[in-house]
Amino acid sequence: MEPEAEVIEYQAFSKRYGRREAPAVEGLTLSVKDGEILGLVGLNGAGKTTMLRAAAGLIYPSSGNIRLNGHDIVREKIHASASTGIVPEFPNFEPTARSLDLLEYLGGYNGLGGDGFPALSQALLARVGLAGCERRRVGTFSQGMKKRFALAAALLAKPRNLLLDEILNGLDPGGIRFVRRLLLELKAEGCAILLSSHILSEVESVADRIAVIHHGRLLECIPLKEIYASREVRLRLTIRNPGPDIARYLSTVGEVHNEGNTFTVSQPRQEVWQVNHELVQRGAEVAEIRTETEDLEGYFFRTIGEEL
Ligand code: ATP
């Protein structure tokens with residue numbers, strides 16, 4: 001079998017903005033494959049934008065390197081950037097330009113053009129949900145519409161790699177659903193997508209793997225499936241007549257925390273029905289048993305060493 005292509009590759013990448021500044025990103029190695037979405041998650045200032053901007057060639061690495069489809073972004077910038085589109089966190093376009101005109105202009109900039117190009121631009125605007133907005137000035141677009149327009153601009157050159165900085169931020173719920181579907185389509189077409197987002201539930205709904213960045217360091221890069229397999233499960237029980245016998249039994253099921261009538265059992269070793277059966281056998285009046293499963297937010301805070 002052919003090894004899978006690594007199309008966005010950071011190798012020991014570090015970035016320091018000033019000699020006296022702490023590194024914004026330090027010694028980061030990770031890669032994104034064809035047809036894969038990697039979700040970048042981290043607190044404000046973790047280093048996500050720095051990673052994306054460096055891969056787009058907008059800032060230089062202080063050390064290490066970044067390769068796009070095998071091309072070094074510093075030494076082979078033209079080849080590297082030819083395969084890559086970026087949507088910045090705050091897209092900024094000429095406000096007086098009409099969207100279709102601007103897209104065509106940017107197409108020319110990318111060496112695109114020809115008779116079929118206006119139709120292609122129109123199709124792109126429709127693809128990002130801006131059909132009917134062809135004649136509108138970009139300055140009149142809402143924040144979410146600017147994000148969509150920026151995505152259309154990034155898709156102009158049919159990039160194999162996409163760098164998306166907080167693309168879901170500023171979109172309404174319909175926009176989020178629309179972009180989520182579009183990202184999954186692009187992934188199915190073979191695009192490698194590096195996506196930063198603070199909306200963890202959304203990252204969870206599209207990403208294949210999650211990279212946790214904290215203070216400029218990569219703490220973990222792990223498939224979502226593995227997170228699901230390893231995440232914490234807890235039973236939360238409310239017992240109207242708690243007693244030592246009940247507490248003793250629950251401590252054999254898992255690690256127990258007890259406050260009044262409420263017991264929390266982490267990583268239970270028995271099924272809910274078994275626990276309920278055993279409790280009833282011991283005369284417990286069980287008012288409620290709830291299973292709680294850790295979500296991506298819980299996993300994230302556990303990984304960076306902070307409790308929710
Ligand atoms: P956010 O979630 O808030 O967008 P982020 O994870 O994208 O944050 P970065 O914007 O990459 O984080 O910032 C990482 C660190 O680098 C921060 O400490 C930030 O202050 C610093 N930094 C970013 N850009 C610059 C710059 N142009 N000059 C100096 N320091 C910078």
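This is a predicted model: local features need pLDDT of at least 70, side-chain atom pairs count only at pLDDT 80 or more; totals for chains, interfaces and linings use all residues.
Visitor: Why is Gly-47 called buried?

Guide: Gly-47 has a relative accessible area of 8%. Buried means under 20%, so Gly-47, at 8%, is buried.

Visitor: Where is Gly-47 found, and what is it in contact with?

Guide: Gly-47 is in the loop between β3 and α1 (48-55). Leaving aside neighbours within four places in sequence, its contacts are Ala-24 and Val-25. The C-alpha atom of Gly-47 is separated by 9.6 Å from that of Leu-218, 171 residues apart along the chain.

Visitor: What makes β3 and β9 a pair?

Guide: Strand β3 (residues 36-41) and β9 share four bridges, in the parallel sense. Pairing needs at least two bridges, so with four bridges β3 and β9 pair.

Visitor: What makes β9 mostly covered?

Guide: Six of the six residues of strand β9 (residues 209-214) are buried. On one side these are Arg-209, Ala-211 and Ile-213, and on the other Ile-210, Val-212 and His-214. Both faces of β9 are therefore covered, as buried means under 20% relative accessible area.

Visitor: Which residues touch the most other members of the largest nonpolar core?

Guide: Leu-164, Ile-193 and Ile-210 do, in a core of 52 residues. Helix α5 (residues 143-155) gives the most to this core, with eight residues. Apart from it lies another core, of 26 residues, including Val-7, Ala-46, Ile-66 and Ile-73.

Visitor: What is Ile-210 in contact with?

Guide: Beyond four places in sequence, the contacts of Ile-210 include Leu-38, Val-41, Val-203, Ile-222 and Leu-296.

Visitor: How many residues line the largest pocket, and how do they divide?

Guide: The largest pocket is lined by 19 residues, and they divide into 15 nonpolar, four polar and no charged. Thr-84, Gly-85, Ile-86, Asn-110 and Ala-153 lie nearest its centre. About 680 Å³ of space lies in this pocket. Each of α2 (77-82), β6 (84-87), α3 (99-109) and α5 supplies at least two residues of the lining.

How values were computed. Residues are numbered from 1 along each chain as its sequence is written. Side-chain values use heavy atoms; hydrogens and water are left out. A nonpolar core is a set of buried Ala, Val, Leu, Ile, Met, Phe, Trp, Tyr and Cys residues joined through side-chain atoms within 4.5 Å. Buried means under 20% relative accessible area, exposed over 50%, partly exposed in between (1.4 Å probe, protein chains only). Contact means heavy atoms within 4.5 Å. On a 1 Å grid over the protein atoms alone, a cavity is a set of points where a 1.4 Å probe fits but cannot get out, and a pocket is an open set with protein on both sides within 12 Å along at least five of seven lines; lining residues have an atom within 4 Å of a point. Grid points are joined across faces, edges and corners, and a volume is the space filled by probe spheres set on the points. Ala, Val, Leu, Ile, Met, Phe, Trp, Tyr, Cys and Pro count as nonpolar, Asp, Glu, Lys and Arg as charged, and the others, Gly among them, as polar.
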